[in-house]
Structures are given as structure tokens and as C-alpha cells.
Amino acid sequence: MHILVTNDDGPPSPTSSPYIHSLVRELQNRGHTVSVCLPHTQRSWIGKAHMIGQTVKPLYYRPSATFDPTPSAASKAQGNTYTRPSKNSQEEEWILVDGTPASCAQIGLHHFFQEKGPVDLVVSGPNYGRNTTAVFALSSGTLGGALEAAVCRRKSIALSYAFFSRNHDPAIIDGAARHSVRVIEKLYAQWPTDKSIDLYSVNVPLIEGVEERKTLWTDMLQNYWGENGACFEEVEGSVGDEDEEEERIRESQEAGTSKDLGSEESSDAVRESQSRYPHRHFKWAPKFTDVHKSVEESPPGNDGWAVKEGFTSVTPMKANFWNAATHLHGGELKLDASDSQGTQMSTSTLIHRPKQHFYALVAYEDPYVQPLILSALQKLFPPEAYTLISIPESTVSGEPVSLDKLVSGNSNDPILQITPYEAIDWDYVASHPDTCLVNSYMLRKALIRKHYLSATVEQWVAKRPESVLKTHVKRSEAFELDYAEFLDDALVEAFDLRASLERNAEARPGHETEWWILKPSMSDRGQGIRLFSTMEELQDIFDKWEEDLPDSEDENENEDEDENGRSEPDDDAADEGKASAGITTSHLRHFVAQPYIHPPLLVSGPGSSRKFHIRTYVACIGSLDVYVYKQMLALFAGKPYVAPTTSSSAAGEGEDQQQQHQQQLSIDLEAHLTNTCLQRSVGDGTVQRFWDVALGDDTKRDIFAQVCAVTGEVFEAAARAMLMHFRPLANAFEIFGLDFLVDAGGTAWLLEANAFPDFRQTGDELAPLVAGLWEEVLGKAVGGFFGGGGVGGEEGKKKGDGEGAGTGTGVGAGVGMGRRDGKSDGDGDGDGEQLVLVRRVDLGR
């Protein structure tokens with residue numbers, strides 16, 4: 001098409017007009033006929049004005065083939081200006097007139113370029129700086145040129161670049177040009193025929209990767225100058241020329257700070273008392289503090305917000321400054337793939353707000369998981385279904401994100417929040433039960449604290465001795481200990497533990513040592529886990545920890561756990577990298593001791609057999625559906641398994657008990673602990689997909705059925721028996737990581753439950769497994785809460801709720817691997833249900 005280009009920054013210049021050359025070249029590269037008519041010098045902030053009473057004279061500019069926009073090239077000649085037109089009709093020549101952008105549009109449309117045919121589209125820009133919000137747009141010469149073309153009955157687009165650096169990176173500018181041309185072409189191709197739109201205002205952020213960022217339909221933010229809206233300052237004598245003053249104004253826009261360009265005090269040292277007004281000069285010096293503040297405080301969806309977030313904004317307009325086609329605000333615009341460099345470019349999309357639209361605050365703060373969540377949303381929901389929003393930069397880390405401020409003026413709009421626990425605004429969650437969905441329950445210590453989990457199971461089994469938990473959760477001895485010297489007192493009521501340790505100490509002939517495993521209740525990632533078989537060994541463990549404690553008690557002030565989990569780590573991904581085999585000081589108070597599961601089920605490998613535990617991802621949705629994700633993980637110990645037990649008869653063959661004690665203390669935990677965070681020798685195969693483990697299919701199916709039964713039962717136990725410490729919310733969902741260990745007899749024992757599980761244990765190779773989990777969970781939780789879908793379209797219709805997975809209040813026997821017919825599908829692949837409903841608990845809330 002034939003495109004007329006104008007602007008308000010004048011001909012190419014690294015200091016005042018650095019973008020026009022690249023846009024013209026990109027339009028030409030895409031096969032368009034381009035005519036250019038520009039002001040001969042800077043004409044910013046002039047709006048849609050014309051200079052009356054003067055004769056407008058043209059100059060003729062012949063651009064260079066290439067252009068260097070960097071400031072260092074300011075002194076280099078790049079193109080030449082002539083007073084007479086070229087006689088060579090094949091030579092590229094732009095028209096420069098000593099008028100306004102609106103005048104350039106008029107003259108370009110009606111007095112030049114007729115030999116190229118009618119002008120199909122007028123593009124005004126790219127402006128050197130954003131033209132978002134009413135304050136900028138109302139005075140913009142860039143919009144003035146597009147408005148003049150619109151009232152001349154031509155389709156027109158005002159294009160502005162929002163720069164964040166004055167370095168003028170050529171690669172970023174070229175990327176913005178390619179992206180701008182794609183937007184221009186798409187807008188022209190779908191221009192309404194009902195005259196509902198006269199022009200578009202497009203703002204493109206100059207950031208790396210802008211071509212892959214979304215493009216949003218937006219309205220224009222209505223804002224105002226501050227209370228003291230003076231945009232001129234008093235000066236004495238002459239002021240700088242127009243280019244110099246425009247440069248200073250741009251620097252103020254770039255900084256976005258509260259520092260004003262000029263002083264509020266008069267520069268006149270002496271005022272003329274005999275005059276009614278002192279004689280003064282005035283210089284244009286706008287103060288942008290309140291303008292920038294209006295953008296920061298605005299709700300999502302407007303042009304200022306979009307550019308601030310790094311998106312391209314498109315605002316439909318009529319030639320009277322009205323927002324036009326408001327039904328499009330939030331609509332979708334899919335840009336055609338770019339082939340300008342022979343590669344397929346990502347398609348930008350525009351956000352829509354239909355009836356089921358929701359805002360999504362996704363800030364998981366884990367670089368492994370964050371992109372998987374965003375990808376799941378993209379796969380599950382069409383672009384028009386949601387708008388991504390970001391945590392404000394002013395938010396203090398570790399404190400709740402105020403959703404009231406994020407959705408100010410839109411408090412009734414549905415919002416999804418997927419963030420760390422500490423960032424959840426629980427007051428907002430409680431006051432918006434029908435419109436706010438979060439990724440965590442507020443209370444869940446009954447499961448994620450080891451001593452609370454022990455109490456949960458004990459209370460449940462005491463009233464329901466037939467419960468599956470009785471034979472799948474080892475009885476725990478929970479105790480509190482502040483100082484190692486009081487260990488004996490702490491174990492007064494640990495009758496089973498004391499009796500076992502005494503039997504081991506006696507070491508009667510033929511007695512097989514009963515080993516125990518010690519776990520700090522508040523630790524994670526395997527920290528502080530120890531094996532012991534006698535009171536002496538247990539005492540040695542606490543004595544050693546006490547030696548390592550800091551001298552100051554101030555460092556341990558926060559050891560008590562907060563009911564809401566805010567001042568304590570409540571997930572197994574709290575620390576970066578590898579955790580040590582030691583223990584965090586604040587964890588030294590609550591402990592549980594359990595019989596060590598021996599012998600475990602081992603998997604044979606080349607020359608050795610290794611122990612493993614099963615990581616099961618469990619999704620709880622609402623109040624309360626419990627799902628097990630079929631794609632479980634098998635996490636292997638770093639070294640071949642060696643039984644920790646040494647029989648007492650062996651000690652009698654010349655080895656005294658002290659030597660045996662020292663041998664037991666030197667147990668290599670890497671053969672026994674399967675948490676990958678503790679392994680110094682993590683290698684290939686340490687983390688495997690459970691269904692790929694070298695076990696019989698029947699064995700794996702039986703293990704999975706046990707996992708489903710125990711999972712459903714333990715969550716129901718927490719919900720019914722521990723109301724003060726586990727309270728599901730109808731407007732929440734949460735993913736837990738449950739760990740199971742299978743003994744040699746094939747019984748799956750529940751070890752622990754973790755909130756915010758460490759998905760990175762899965763590794764890059766099995767990342768699709770985690771991606772599939774989030775797709776399944778978000779499909780059910782988000783689609784179910786906001787309506788309109790989850791795994792949308794036909795795919796969603798094919799997937800059910802897995803009702804054959806043992807629902808109700810039974811123990812979950814006969815779990816059918818997620819298929820409605822109760823039959824297994826073997827290895828966990830295929831079209832069977834991947835998120836298996838194992839318990840639906842009606843709490844009557």
C-alpha cells in the first residue's frame with residue numbers, strides 16, 4: 001500500500017529524531033510504497049496546530065542508505081538537505097516543510113506524491129517518547145498529524161516509542177520497527193468499514209524482545225497535571241533554542257522523578273514596584289511528577305499501564321479525542337508471523353475482557369516453575385480470558401501484595417493469585433470469596449508440620465481403628481527439646497521409643513537392632529535427619545547440634561511457628577541450591593522420631609540396589625476435592641543401600657560395644673536418605689518417572705492404589721479432626737508434595753507432606769511432567785472457579801473428574817488409576833485421567 005509518513009521530531013537525527021529512518025526502511029522492506037513529509041525541525045508539543053499568516057516553504061532531504069541512531073553519531077552527516085528538488089526521479093527524496101505535523105499531513109496528502117497514486121494510510125511517528133495518557137496525547141504533535149489525516153478522511157495511525165534509555169540501541173530500535181510494521185499492517189487489514197474508528201494511537205516500548213511481548217487493546221488513561229499545574233517557569237533574559245528545551249523536557253520524562261525542571265521562585269531579584277505586573281519571561285518547563293504517579297496508581301488496562309508493563313498499547317480513537325470502539329478494549333489482535341528475516345516471529349496477542357475474564361497475578365518466584373505456570377495458562381485459556389498483572393515494584397519482599405491497590409476501581413473483577421504464601425493478601429481473599437482465587441490455604445499445619453501430622457493421624461486412627469492410615473503411617477514419637485541436657489525428660493512419655501532403645505542397649509543374643517529416624521519437625525529438604533538406635537547415640541546427636549548453636553539467644557528468637565506460617569519456612573524449597581546435612585537453628589525445638597523402615601523396596605541397577613522414595617503431587621481444590629497426579633517421581637539414594645542394622649551376635653565376635661557404636665555413628669546417610677538436596681553424588685537416574693522404574697506393572701499399580709487411598713484419607717483426617725490447623729477454602733487451591741516409602745513387602749508408608757514443593761527436584765529432563773501437573777490443576781481449579789472452561793474447548797469435554805478414583809469417605813480401596821471404568825492403563829501414559837480424584841470431602845461449609 002501507499003503510506004505517507006510524517007512526525008513531529010523532524011528529519012533523522014541521533015539527538016532529536018532517532019527512529020524515523022528505521023521505520024521507513026522497514027516499511028519499504030515489507031514492499032510498501034512510502035512517501036515522507038516531515039517538519040524541517042523539532043515540532044513537539046504542538047498538537048494539531050497550523051501556522052497561519054506565513055508561507056510554508058519546503059526543503060528536500062535525501063536520506064542515507066543506513067542510519068546510526070547512537071548519540072556518538074550526532075556529528076556525523078547522515079543524509080543531505082537541498083533547497084531544490086532532485087532532477088533524478090529515481091533518487092529517494094523526502095519533503096521537509098517549515099510547518100507543523102498537521103501541516104505536513106495536509107501538504108503530503110494534497111500537494112506532493114501524486115505520481116505514486118492515492119495515499120492508503122498515514123503514519124505519524126515514531127515519536128521520540130511515549131504518547132500515553134491524556135496529558136501527553138492532548139498536546140502531541142504526533143497525534144496532531146494523525147488527527148489531521150483523519151479529518152482529511154484518511155486512515156491514520158499515531159506511532160510513539162516509549163524509551164527507557166537514551167542509548168538508542170540499534171538492535172532494539174530495529175526490533176521495534178519490525179513489530180510496529182506488523183501492528184500497522186494488521187490494523188489496516190481489519191479496519192472497520194462502519195466508520196467507528198478514525199485513527200489508532202499505538203505506543204511501543206523500546207525494550208529487548210518487544211516482538212515477543214503482548215500487544216494490548218487499551219483505553220487512554222484520563223489524567224491531569226498536579227494541583228499546581230504550572231507548566232512554565234519564570235526566567236530572566238533569553239532561553240535556549242527549541243531543540244535544547246525539548247531535550248531537557250525528554251530528560252525529565254525519562255527520569256520520571258519528582259525533580260522539577262525549574263525553580264518555583266522567581267528569578268527576578270528585584271521587582272518593579274511601580275508596575276502592576278513585573279516584567280518577566282516564561283519558559284516551557286512541565287512538571288511530570290503527578291503524571292507519572294497517575295500511571296503508577298492506575299488499574300490495569302489503560303495505555304500508560306500497558307507500556308509501563310512492557311506491552312504495546314493500541315487505542316482506537318475518533319477524530320475528536322474520544323475513545324472509539326470500546327467493545328474492542330481487551331479484544332484480541334493476532335499479528336501475522338513476520339518473515340522479514342526469514343524466521344517465524346512469535347505472534348503477539350491483544351487481551352480481551354469477556355464475561356469470564358479474570359486478572360492473573362503470577363509471581364511464583366521460582367525460575368523453574370514460573371514459565372511452566374504461564375505456559376499452562378496460555379494453553380488452557382484463550383488470550384481474551386485473562387490479563388496478566390505484576391507485583392508493584394514498591395512491594396516489600398515477604399509482605400502481602402495489596403490486591404485492593406492492584407485492582408483499584410475493579411474490585412469486583414475476578415482475580416487469580418499464584419504467589420509465595422507470604423505475598424497473599426488474606427484480608428482480600430476473605431472479603432472476596434466469589435471473585436478471588438489463591439494458590440494456598442491459609443491454615444494447613446496439620447499436614448505440613450511433622451509433629452502436627454503425627455497428631456492428626458493419631459487422633460484419626462484412635463476413633464477409626466479400621467483407617468488405612470493405621471497400616472500406612474508409622475507411629476511417631478513427638479517431643480520438644482530446648483537443651484540437649486534435658487533429652488531424658490523430653491522422652492518421658494515416648495514409651496515405645498524408650499523401650500526400643502533400651503532393648504537395643506541390652507544387646508541380647510539374637511536381638512536385631514531396631515533403628516529409628518529423627519526428623520526436626522520444622523525442617524525441610526532433608527535437613528537434620530539422623531539415624532539412631534540407642535539413647536547414647538541420640539544424646540550424641542543433640543550434643544553435637546548444641547555445640548554448633550550460636551552463643552547469642554537473640555539469633556533464635558523466631559523459633560516458634562506462626563499459626564499462619566508467615567515467620568517460618570513451610571515449604572521444601574526454602575533454600576537455594578544444595579542444603580547441608582546440618583540443621584537450621586530455628587528448627588531445634590520440635591522433633592519426631594519414627595521406626596526406620598527396613599528393609600525398603602530396592603531397585604536393582606548395574607552391580608547394586610538402591611533405595612528410593614516416591615514424590616506424589618497432590619492438588620487440593622476448594623473445600624475439599626483431593627486429587628493425586630498420576631505422574632509420580634521416584635527419587636533414589638545417591639549410593640547403594642546398606643542395611644544400618646548390626647546384629648548383637650556380631651558384636652560378640654571380638655568387637656566391643658564401643659567399637660560397634662562408633663561404626664554406627666559413621667553410617668553413610670547417602671545410602672539411606674533419598675532427598676536429592678542431601679546428595680553429594682547426584683548422578684543420572686537419581687530422579688526418575690515412577691512408571692519407568694524397573695518394577696512389575698502389577699507392583700506399580702498396587703503402589704499407586706495405596707498412595708491414592710492414603711492421600712485421600714490423610715487429607716480428610718486433617719480437615720475433620722484438626723479444624724484449627726487445616727482449613728480448606730472454597731476460593732483456594734494448593735499443590736502439596738507427599739513422600740512415600742515402600743517397604744520390601746510392598747506397603748507404601750506416608751513419610752511427610754510438603755507445601756510449595758520443590759519442583760526443581762524433577763530436573764529439566766522431566767520438566768514436562770511438572771508442566772502437565774500445572775495444566776491439569778489450573779484447568780480444574782481456575783476453570784472451575786471462574787467458569788467457562790479449564791482445559792477449554794473439545795479437549796476439556798474429553799476429560800472428566802476421574803470419579804472412579806475412590807471418592808467419598810471410605811479408605812479408597814480399588815482405585816481405578818483414574819479411569820472411569822476402574823481399569824488400569826498400565827504405565828500412566830495414554831488418554832487416561834492424569835489428575836485422579838481420590839477424595840471428595842463435604843465439610844458442610
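View 1. S201 stands opposite T315 in β12. Strands here (E, at least two residues), like helices (H or I, at least four), are DSSP runs numbered from the N terminus. The model is predicted: local features need pLDDT of at least 70, side-chain atom pairs count only at pLDDT 80 or more, and totals for chains, interfaces and linings use all residues. Residues are numbered from 1 along each chain as its sequence is written, and side-chain values use heavy atoms, with hydrogens and water left out. Strand β12 (residues 312–317) and β8 run antiparallel and are joined by 5 bridges; two strands pair if DSSP finds at least two bridges between them. With strand β7 (residues 156–162), β8 pairs in the parallel sense over 7 bridges. The bridge partner of A162 in β8 is P205. Strands of a sheet pair through backbone hydrogen bonds, either parallel or antiparallel.

**View 2. The two faces of β8.** How many residues of strand β8 (residues 199–205) are buried? The count is 7 of its 7 residues, where buried means under 20% relative accessible area, exposed over 50% and partly exposed in between (1.4 Å probe, protein chains only). One side carries L199, S201, N203 and P205, the other Y200, V202 and V204, and these are all buried.

**View 3. Helices α2 and α4.** The axes of helix α2 (residues 101–110) and helix α4 (residues 141–151) come within 7 Å and cross at roughly 35 degrees. Axes are lines fitted to C-alpha atoms, for helices over the stretch in contact, and angles run from 0 to 180 degrees between N-to-C directions. On the α2 side, P101, A102, A105, Q106 and L109 take part, and they meet G141, G144, G145, E148 and A149 of α4. Contact means heavy atoms within 4.5 Å. By class, this contact has 5 nonpolar, 4 polar and 1 charged residues. Ala, Val, Leu, Ile, Met, Phe, Trp, Tyr, Cys and Pro count as nonpolar, Asp, Glu, Lys and Arg as charged, and the others, Gly among them, as polar.

View 4. Most residues other than glycine have a negative phi, and most peptide bonds are trans. Where is F113 found? F113 is in the loop between α2 and β6, and its phi is near 70 degrees, a positive value in a residue other than glycine. F113 counts as buried because its relative accessibility is 8%. W45 also has a positive phi, near 60 degrees, and is found in the loop between β2 (33–39) and β3 (58–62). The peptide bond from G125 to P126 is cis, with omega near 5 degrees; P126 lies in strand β6 (residues 121–128). The bond from H598 to P599 is cis too, with omega near 0 degrees. P599 lies in the loop between β20 (590–595) and β21 (602–605).

**View 5. The open sheet of β17, β20, β18 and β19.** In this open sheet, 4 strands follow the order β17-β20-β18-β19 with antiparallel pairing. The edge strands, each pairing on one side only, are β17 (477–480) and β19 (530–532). From one strand to the next, the twist averages 25 degrees. Between β17 and β20, which run antiparallel, there are 4 bridges, and the bridge partner of E480 in β20 is H590. Helix α13 (residues 450–463) lies across β17, β18 (516–520) and β20, running at about 55 degrees to β20. Helix α15 (residues 495–506) lies across β17, β18, β19 and β20, at about 135 degrees to β18.

**View 6. Helix α9 and what covers it.** Q370, L372, I373, A376, L377 and L380 are buried in helix α9 (residues 370–380). Their cover includes β13 (358–362), β14 (386–389), β15 (415–418) and α20 (767–786).

**View 7. Q706 in helix α19.** Q706 is found in helix α19 (residues 697–721) and counts as buried because its relative accessibility is 12%. Its side chain makes a polar contact with the side chain of D702 (2.8 Å). Such a contact is a pair of N or O atoms within 3.5 Å; within protein, one must be able to donate a hydrogen and the other to accept it, and residues adjacent in sequence count only if both atoms are side-chain atoms. Not counting residues up to four places away in sequence, Q706 touches H472, G746, T747 and A748.
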